[in-house]
Amino acid sequence: FYSFPNPASNKTTLRMEHNQPNQIKSIEIDIYDMMGHLVKHFTPIVVEGSYSIPNIEWDFTSNNGSKVAEGIYMARIIITTINGEQQSAHAKIVHKR
């Protein structure tokens, strides 16, 4: 799970590859500021048979549409399989103007 470009100024793309095609039920991505506040939530579409999640572009806006401040953000992805198991991964995102 990673973002590119990183650091970024206008937008960054979140990407993850995995080894469980046809096993993923749902994906959630949350982005938090360094104080632990939820800034943005994404629920990407699961593509059956794929070894990656669809690219998610974050334009550095919050859930309410306002631009976020420069700084460091943490992205967390939670993947739930069809068996109900959950796995997570984290990525650091640096936002510079």
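This is a predicted model: local features need pLDDT of at least 70, side-chain atom pairs count only at pLDDT 80 or more; totals for chains, interfaces and linings use all residues.
A residue is called buried under 20% relative accessible area, exposed over 50%, and partly exposed in between.

Most residues other than glycine have a negative phi. N22 has a positive phi, near 65°, and is not a glycine. The residue is located in the loop between β2 and β3. Its relative accessibility is 47%, so N22 counts as partly exposed. F60 is also not a glycine, and its phi is positive at about 60°. This residue sits in the loop between β5 (56-58) and β6. F60 has a relative accessible area of 1% and is therefore buried.

Most peptide bonds are trans. The bond from F4 to P5 is cis, with omega near -10°. P5 lies in the loop between β1 (2-4) and β2 (12-15). A cis peptide bond also links N6 to P7, with omega about 5°. P7 is likewise placed in the loop between β1 and β2.

Four strands form an open sheet in the order β4-β3-β6-β7, and their pairing is antiparallel. Its edges are β4 (38-42) and β7 (86-95), each of which pairs on one side only. On average, neighbouring strands of the sheet are turned by 20° against each other, direction ignored. Strands of a sheet pair through backbone hydrogen bonds. Within this sheet, β3 (residues 24-32) and β6 (residues 71-81) run antiparallel and are joined by eight bridges. I29 is placed opposite I77 in β6.

Technical notes:
Residues are numbered from 1 along each chain as its sequence is written. Side-chain values use heavy atoms; hydrogens and water are left out. Two strands pair if DSSP finds at least two bridges between them. Helices (H or I, at least four residues) and strands (E, at least two) are DSSP runs, numbered from the N terminus. Axes are lines fitted to C-alpha atoms, for helices over the stretch in contact, and angles run from 0 to 180 degrees between N-to-C directions. Buried means under 20% relative accessible area, exposed over 50%, partly exposed in between (1.4 Å probe, protein chains only).
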